[in-house]
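These are my notebook entries on one protein model.

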Amino acid sequence: MDRKKEITGHVFALISIFIWGTTFISTKILLEAFSPIEILFLRFTIGFAVLLAVYPHRLKVKERKQELYFAAAGLCGITLYYLLENIALTYTFASNVGVIISIAPFFTAIFAHLFLDGEKLRAQFFIGVVVAVVGIFLISFNGSSNLQLNPLGDILAVLAAVVWAGYSILTKKISGFHYNSIQSTRRTFFYGLVFMIPALFIFGFKPNVNQIIQPINLFHILFLGFGASALCFVTWSLAVKILGAVKTSVYIYLVPVITVVTSVIVLSERITGVMAFGILLTLAGLFISGLKTSAKQMEIKK
């Protein structure tokens with residue numbers, strides 16, 4: 001791979017992860033005034049509109065099978081992932097969700113092995129999984145002295161990580177179609193919004209206009225729509241196209257670090273010793289399992 005192109009891929013991945021690592025905070029703040037589905041629909045409607053304005057050309061899909069990939073990517077990467085993540089944030093700390101989401105590379109590697117002819121999974125990979133799971137277990141207790149566990153939010157976060165891994169594999173497949181990245185991302189957003197429609201009726205979509213125009217809420221909605229959706233999904237798609245699904249997913253390891261730091265600064269969340277140790281174990285497990293993959297610079301076949 002061309003060195004300059006590879007560096008560009010890493011830059012795109014870093015941009016995405018840095019912004020995504022702070023989105024848990026914005027979502028947590030917005031949950032004070034909006035439901036998870038309201039935040040989700042507003043965010044991606046803005047994202048879709050921005051991408052349409054930036055590159056208004058229509059995407060002409062060559063095969064029906066390719067359209068199915070876009071639909072599946074919209075369902076996994078937009079509707080299911082963010083619905084699970086947003087609901088998880090109503091039950092647990094933003095820092096918890098940020099750390100637990102970081103297990104997505106495990107599932108990405110497994111899915112890549114099954115569906116993209118990735119590298120065989122070795123013992124080192126599973127050792128990393130065990131270490132990280134122990135870390136996640138400790139984080140779930142939130143440092144409580146009596147260790148009372150309320151696992152619902154954490155379980156939803158794990159499910160979100162699995163769904164995101166599926167989206168990563170679908171994105172790699174879509175990159176092989178060689179369409180414009182903005183058009184591809186917009187098509188994915190379109191299907192995500194379509195699959196979101198039933199949830200609007202199930203969970204109730206009644207956003208309060210007065211709440212939307214509140215400066216703090218408007219800032220976070222626009223940040224999620226412009227930055228975390230329109231910009232980041234395009235840069236992540238470009239990173240996956242250049243580096244591959246597994247190699248790009250390694251950057252998710254940085255999410256908990258960014259999320260925990262911003263949670264302490266913005267939300268004044270208390271990080272206990274038990275949680276801090278759990279975070280360290282989770283990150284250690286992730287790096288152990290990804291070390292061999294990174295060292296070999298594993299490439300995923302299209």
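**Entry 1: Phe-125**

I began with Phe-125, which I located in helix H6 (residues 123-140). Phe-125 is buried, at a relative accessible area of 6%. The classes I used are buried for under 20% relative accessible area, exposed for over 50%, and partly exposed in between (1.4 Å probe, protein chains only). Not counting residues up to four places away in sequence, I found Phe-125 touching Phe-106, Ala-109, Ile-110 and Ser-289. A contact here means heavy atoms within 4.5 Å. For Phe-125 and Ala-109, 16 residues apart along the chain, I noted a C-alpha separation of 9.2 Å.

**Entry 2: Basis of the values**

The model is predicted: local features need pLDDT of at least 70 and side-chain atom pairs count only at pLDDT 80 or more, whereas totals for chains, interfaces and linings use all residues. Residues are numbered from 1 along each chain as its sequence is written, and side-chain values use heavy atoms, with hydrogens and water left out.

**Entry 3: The whole chain**

I recorded 13 helices and zero strands in the protein. Of its 302 residues, 54% count as buried. Among contacts between residues at least 6 apart in sequence, 91% join residues at least 24 apart. The protein exposes about 13,600 Å², and carbon and sulfur atoms supply 68% of this area. Accessible areas come from the Shrake-Rupley method with a 1.4 Å probe; for residues, only the protein chains shown count as cover.

I next asked how the span of H1 compares with 1.5 Å a residue. The 28 residues of H1 should span 40 Å, and its end C-alpha atoms are 41 Å apart, which agrees. The expected span is 1.5 Å times one less than the number of residues in the helix. H1 also bends by about 30 degrees at Thr-22. I took the bend at a residue as the angle between axes fitted to the seven residues ending there and the seven starting there.

Within H1 (residues 3-30), Arg-3 and Glu-6 are three residues apart, about one turn of the helix. Their side chains meet in a salt bridge at 3.6 Å, N to O. A salt bridge is a side-chain nitrogen of Lys or Arg within 4 Å of a carboxyl oxygen of Asp or Glu. I noted that an α-helix has 3.6 residues a turn, so residues three or four places apart point the same way. Arg-3 counts as exposed because its relative accessibility is 57%, whereas Glu-6 counts as buried because its value is 7%.

**Entry 4: The second pair**

How many salt bridges does the rule give? I count two. Arg-187 counts as buried, at 17% relative accessibility.

**Entry 5: Helix H3**

I then followed H3 itself. Its 26 residues reach 36 Å from first C-alpha to last, close to the 38 Å expected at 1.5 Å a residue. H3 bends by about 30 degrees at Tyr-81.

Is Asn-86 buried or exposed? Asn-86 is buried, with a relative accessible area of 2%. Leaving aside neighbours within four places in sequence, Asn-86 is in contact with Thr-27, Leu-31, Pro-36, Ile-39 and Leu-40. Leu-80 counts as partly exposed, at 34% relative accessibility. With neighbours within four places again left aside, Leu-80 is in contact with Leu-75 and Val-163. The C-alpha atoms of Leu-80 and Leu-159, 79 residues apart along the chain, are separated by 9.2 Å.

**Entry 6: His-178**

I looked up His-178 for its backbone angle: phi is positive, about 60 degrees, although the residue is not a glycine. His-178 sits in the loop between helix H7 (152-175) and H8. At 58% relative accessibility, His-178 counts as exposed.

Definitions and conventions. Helices (H or I, at least four residues) and strands (E, at least two) are DSSP runs, numbered from the N terminus.
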